[in-house]
Amino acid sequence: MSSRTLQWLSLVGIIWLQSINGTNSNFPAYSSQLKNLLSISQVQLNNLAFASDAGKLIGWLSGIAVVYLPLWLVLIIGSSLGLLGYGLQYLFLSNQISLSYGHIFVLTVVAGNSICWINTVCYVVAIRNFPSDHQLAVGLTTSYLGLSAKIYTDTVNAAFSYSPVERAKAYLLLSSILPVIVSVIAAPLTREVEVGRPRNMGVGFIAMFVITMATGVYSVISSLASISGKLSPLGHAIGTGVFLLAPLAIPVAEKIIEVVRKCNVNIEKKVYHFTIEDNIEGAERMEIEVKDKRGEVAGEVRQESEGAETMDQISGVKESGDQGGDVHVIEEIGVKVMLKRLEFWLYFFVYFFGATLGLVFLNNLGQIAESRGYSGTSSLVSLSSSFGFFGRLMPSLMDYYFLRTKRTISKPASIVALMAPTAGAFFLLVSNTNLSLQVSTAIIGVCCGAITSVAVSTTTELFGTKNFSVNHNVVVVNIPIGSFLFGFLAAILYSKEGKGDNGECMGVECYRNTFIIWGSLCFLGTFLALILYARTRKLYLQNVQVLNVNFA
């Protein structure tokens, strides 16, 4: 099997892994039931939401693991941690074992950490197997992570009863076994491939984008239909499964092309062999052609050598000024140096007040919907998942367009454009209507998904690809920190507005002050993103020069 076919197979494997790896996004679908079953307060429930994200605090372990362990082993370790974390919680809810609240907290941390291991493998394989198009590969595959909540919701709706307790068990059961099953299937595919010289993968990526866009359109339409109840749950699940299998068409088509080319080559060899035996002049022509080919190859080698020297000259441009100056070029730096850069801390807090804040909202979506008297929590989760899928896909489409037009786009500028609507969505939630809840959920889902996808490329552009697996896991440490701080704030304000012994609160006022604070913080993050853009603008001007050399 050719390396090109193996490349596309590895991309399909990553897509499948990312599709089921967003297990933490299932939390709002069963959080209210979990709260009732465990008889815990809103603050304690928030602590469990934080625990799910707290696993990212030690996510850097997976970055170290991929350096010393085979990728398939790292993948199996990650899925096994999820089996342990979610599986024991399922047994607890099924009254098979007895666990304390502290045990549940620790198991939730372990389950949250499992996501980091699978994510790291996906990032590393995409970057190594698509060196010339790694931004496209990472962005495209990462978009499927936003589809996880919809996949789990469709499966639960189709295969399990509508009892709240049974649904909570179903989500935990699927979260424990589905990643293991898919990891075993995808492990042979998600491996590093010797790609050799960079080749044009444009046609394949266009086809993959078409499939992905069709998947996103179906996801959004079926989510909206689930709100109105026009499609059956089984129909949703079957349709989603078909679209997840569709990317296999790319490597299958590549294999067919490979077989056809081999057949044509064999036919040409036979015809040419007959010509040599029939006419000696054919041999002389062959010798002349071989010499010409040698001359062409020598010319190509000289051109490549000259191109490499030009690239070395561009890459050799050093950052002027001290560390407090603007960033001019991409550098390969480690964690210690990264933590000393002002750009890192700007980037850290931009993510903190943007994507992380949106994730906290989505984690609390179940409780928010319940407090407003909205009964379709699962449909909201599916809606946020579908729009999050499109959000994660948008940066890849933009990268592909600008790459083909020899231009580049500033990632911090993209983040600015995404954070402003997010802030507006938080203020829109102050309105006490179901429409404002649905629209805000869609906006936050699409913007947070896009920021998460852009962040992967931003990390590589600001700090290089060599230490990406560790550097990016350090960046996303802000997620559990924000999950605790922002979630704790929401829980305190919720309890303050609550009534009765258990502190239950009903009405839009339960989260009104929370939304105002979150929206204000998001506007602060937008301002920090503008500062980061100003400090890194020369980096992207330099990238334009590199692109022009590559296309010259």
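Analyst: What follows takes the labels one by one, for a model that is predicted.

User: What makes up the secondary structure of the protein?

Analyst: The protein has 23 helices and zero strands. Of its 552 residues, 53% count as buried. The protein exposes about 23,700 Å², with carbon and sulfur atoms supplying 65% of that area.

User: How do you know which contacts in the protein join residues 24 or more positions apart, and what share do they have?

Analyst: A contact requires heavy atoms within 4.5 Å. Among contacts with a separation of 6 or more, residues 24 or more positions apart account for 84%.

User: Why is helix H7 called largely enclosed?

Analyst: Buried means under 20% relative accessible area. Nine of the ten residues of H7, which covers residues 134-143, are buried, so the rest of the structure largely encloses this helix. Among the buried ones are His134, Leu136, Gly139 and Ser143.

User: Which residues touch the most other members of the largest nonpolar core?

Analyst: That core has 126 residues, and those touching the most other members are Trp8, Tyr30, Phe205, Phe361, Phe426, Phe515 and Trp518. Leaving aside neighbours within four places in sequence, Phe515 is in contact with Phe361, Ile368, Arg372, Phe426, Leu429 and Val430.

User: Why is the pair of Tyr347 and Phe463 called tilted?

Analyst: The whole structure holds 28 aromatic pairs. In this one the ring centres are 6.4 Å apart and the planes stand at 35 degrees. Centres must lie within 6.5 Å to pair, while planes under 30 degrees apart count as stacked and over 60 as edge-to-face, so what remains is tilted. The angle of 35 degrees therefore makes the pair of Tyr347 and Phe463 tilted.

User: What makes this pair a tie between separate parts of the sequence?

Analyst: Tyr347 lies in helix H15 (residues 342-352) and Phe463 in helix H20 (residues 434-463), so the pair ties together parts 116 residues apart in sequence. Tyr347 has a relative accessible area of 1% and is therefore buried. Phe463 is also buried, with a relative accessible area of 1%. Both residues belong to one aromatic cluster, whose members also include Phe344, Trp345 and Phe486.

User: How is the aromatic pair of Phe361 and Phe515 classed?

Analyst: The pair is edge-to-face, with 6.4 Å from centre to centre and 65 degrees between the planes. The angle cut-off for that class is over 60 degrees. Phe361 is in helix H16 (residues 355-363) and Phe515 in helix H23 (residues 509-551), so the rule's pair links parts of the chain 154 residues apart. Phe361 and Phe515 are both buried.

User: How do you know that Cys505 and Cys510 form a disulfide?

Analyst: Their sulfur atoms are 1.9 Å apart, and the cut-off is within 2.5 Å. This is the one disulfide found in a search of the whole structure. The link of Cys505 and Cys510 has -95 degrees about the S-S bond and is left-handed. Cys505 and Cys510 are both buried.

User: Why is Cys448 not counted in a disulfide?

Analyst: The nearest cysteine sulfur, that of Cys447, is 6.9 Å away, and a disulfide needs sulfur atoms within 2.5 Å, so Cys448 is in no disulfide. Cys448 counts as buried because its relative accessibility is 3%. Cys522 is in no disulfide either, since the nearest cysteine sulfur, that of Cys448, is 7.6 Å away. Cys522 is buried, with a relative accessible area of 0%.

User: What makes the contact of Lys150 and Asp154 a salt bridge?

Analyst: The N to O distance between their side chains is 3.1 Å, and the limit is within 4 Å. Lys150 and Asp154 both lie in helix H8 (residues 148-159), four residues apart, about one turn of the helix. Both Lys150 and Asp154 are buried. By this rule the count comes to four salt bridges.

Methods. Residues numbered from 1 in each chain as written. Predicted model: local features only at pLDDT ≥ 70, side-chain atom pairs only at ≥ 80, totals over all residues. Heavy atoms only, no water. Helix = DSSP H or I, 4+ residues; strand = E, 2+ residues; numbered from the N terminus. Buried < 20%, exposed > 50% of the residue type's maximum accessible area, 1.4 Å probe, protein only. Areas by Shrake-Rupley, 256 points an atom, 1.4 Å probe, with all protein chains shown as cover. Core = buried A, V, L, I, M, F, W, Y, C linked by side-chain atoms within 4.5 Å. Phe/Tyr/Trp six-rings, centres within 6.5 Å; stacked < 30°, edge-to-face > 60°.
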